[in-house]
Amino acid sequence: SAASKTLAASNTLSNATILTNSILTMNTMKSATVAFATIILLGTGAFLWRQTEVRELRQEIASHSRQEIATAASSESNGEIRTSPRSGAIRRLARDLRAASAAPIDVAQLIEDLGEAMMTQDSTAQLRLFLPAAHLGHNEIDQLLVELKAYPGPREVVQNAMKILVSLAGDQDDSASLNRSLMAGIEPYAFANKLRVWASRDPDAAMAWYESKREEGLLAGEGLIEQPETYLFGELLAGIAETDAGKASSLLANSRADDHTKVIHTLMTALGAKGPEFDARIHLLIDDMESERDRQRAVASAVSSMGRTRESPEEALALLNAHELQDEARSSTLVNLAVENPTKRDRPISERVEWLSSQMSDAYAPRTIDDFFRRLSWDNGPTLDNYIDNQENGTLKNSALSARASSLAIQRSGEAAMQNALAIGDSETRKKTVRSVVHHLDEYDRGAALRKLQAAEVDLSEYGYPQP
């Protein structure tokens, strides 16, 4: 096969390839860790997981006049509210809302009650504490945010309260909504879409808001998003590019962003996910870039985003082939397509290996395939294990085993890592992989790995380790 021929160009995996396995796997683990942290935050954080509940709450309240709510609250069995399948829940909500609206919100009591609800991790209880605020207008919510920000209570609880209030304020895309998000300390990724939508509708106003907040130092900070100021600028440009790619291109060329690469990545990732109707804008932005280095990065980011979010990889591949990317950039972009594209990722590994080999030069294809195995080992280890079990001995199997061993070692699975390393048929590749495995293990797992090595009845001195 083409894959076997290209891999056979080198009888063994080089030291650089073994090292690349380890480094790239660690980078993947870092990305996966960030992604996992993001999932946890989305699941338990104070802002995003409430948005759907809050939106439903506001919609249900808005769908009935105050008279309907009052009637429903006083007549539980009459069934006046029949437009919702959750009429019983709405009547209970209406009663609570009607009772809570009769008294002003006591900030001190709210913070005390919210702290208790947070201790029990009861999200429903937390949300219900804010029923008195569900009917407030934007000005009233803004005033309450100011009061909360100045309240000397536990900061975690106060910030939680502020984030819930921002959710209650709704999803409008304007400066007031973004200012609330900043005041509440909400992460940039959680309100970037608002900025992007606003920028597509009113680019000058959105740009003025961004510049103002940047000058005030309000877009800096630490969190899951590194360099939030730069990230938001990329999202801003993506919104502008939706309606005026020329304007976005000019702003990009004249930007003072500290990290131009991150701006380009954010911009192209956002546009690549929009759909084929925006591809012309992507091409225009890329063609306008004066730096070949910027063009290479833009193509790689756009292709990866298009491939990840669209069913077919063809549009992404067409963009990739329209530009001469350096081998390393082209290789990593193709691996992204092979692993992440909805059509490609469901194809057999052997088919994807052949496809990757056909897309790269014979000289670079082995590294591309090795990177592909490394990605699979982290993203879908059992699938790669099955491929290895059914693969004939040879360069492809050796490459897969080496990648799998390296990733397992970094995951601290010493015995399994060593088992894969020892199964490598080529002696030089096996020795290099064994050393790589031992190097990445801590003291406990290293002992298990060495015992596995010893149990295989091999001469430990061949691998650079003394006999016991």
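This is a predicted model: local features need pLDDT of at least 70, side-chain atom pairs count only at pLDDT 80 or more; totals for chains, interfaces and linings use all residues.
Helix H2, at residues 15-44, is where confidence in the protein chain is lowest, with a mean of 34, whereas helix H20, at residues 349-359, is where confidence is highest, at 96. Next select residues 5-12, where the pLDDT is below 50 and the model has 16 contacts beyond near neighbours in sequence. For the protein chain as a whole, the average pLDDT is 78, and 70% of the residues score at least 70.

Now move to helix H16, residues 279-288, together with helix H17, residues 292-309, which pack at an angle of about 165° with their axes 10 Å apart. Since an angle over 145 degrees counts as roughly antiparallel, H16 is roughly antiparallel to H17. Show the side chains of Asp279, Ile282 and Ile286 on H16, and of Arg295, Ala298, Val299, Ala302 and Met306 on H17, for these residues make the contact. By class, the contact of H16 with H17 has 6 nonpolar, no polar and 2 charged residues.

Finally, select helix H21, residues 365-379, and helix H22, residues 381-389, whose axes lie 5 Å apart at an angle of about 125°, which makes H21 oblique to H22. Their contact is made by Phe373, Leu376, Ser377 and Asp379 of H21 with Gly381, Leu384 and Tyr387 of H22, and the residues of this contact divide into 4 nonpolar, 2 polar and 1 charged.

Terms used
Residues are numbered from 1 along each chain as its sequence is written. Side-chain values use heavy atoms; hydrogens and water are left out. Axes are lines fitted to C-alpha atoms, for helices over the stretch in contact, and angles run from 0 to 180 degrees between N-to-C directions. Helices (H or I, at least four residues) and strands (E, at least two) are DSSP runs, numbered from the N terminus. Angles under 35 degrees count as roughly parallel, over 145 as roughly antiparallel, 65 to 115 as roughly perpendicular and the rest as oblique. Contact means heavy atoms within 4.5 Å. Ala, Val, Leu, Ile, Met, Phe, Trp, Tyr, Cys and Pro count as nonpolar, Asp, Glu, Lys and Arg as charged, and the others, Gly among them, as polar. pLDDT is the predictor's confidence in each residue, from 0 to 100.
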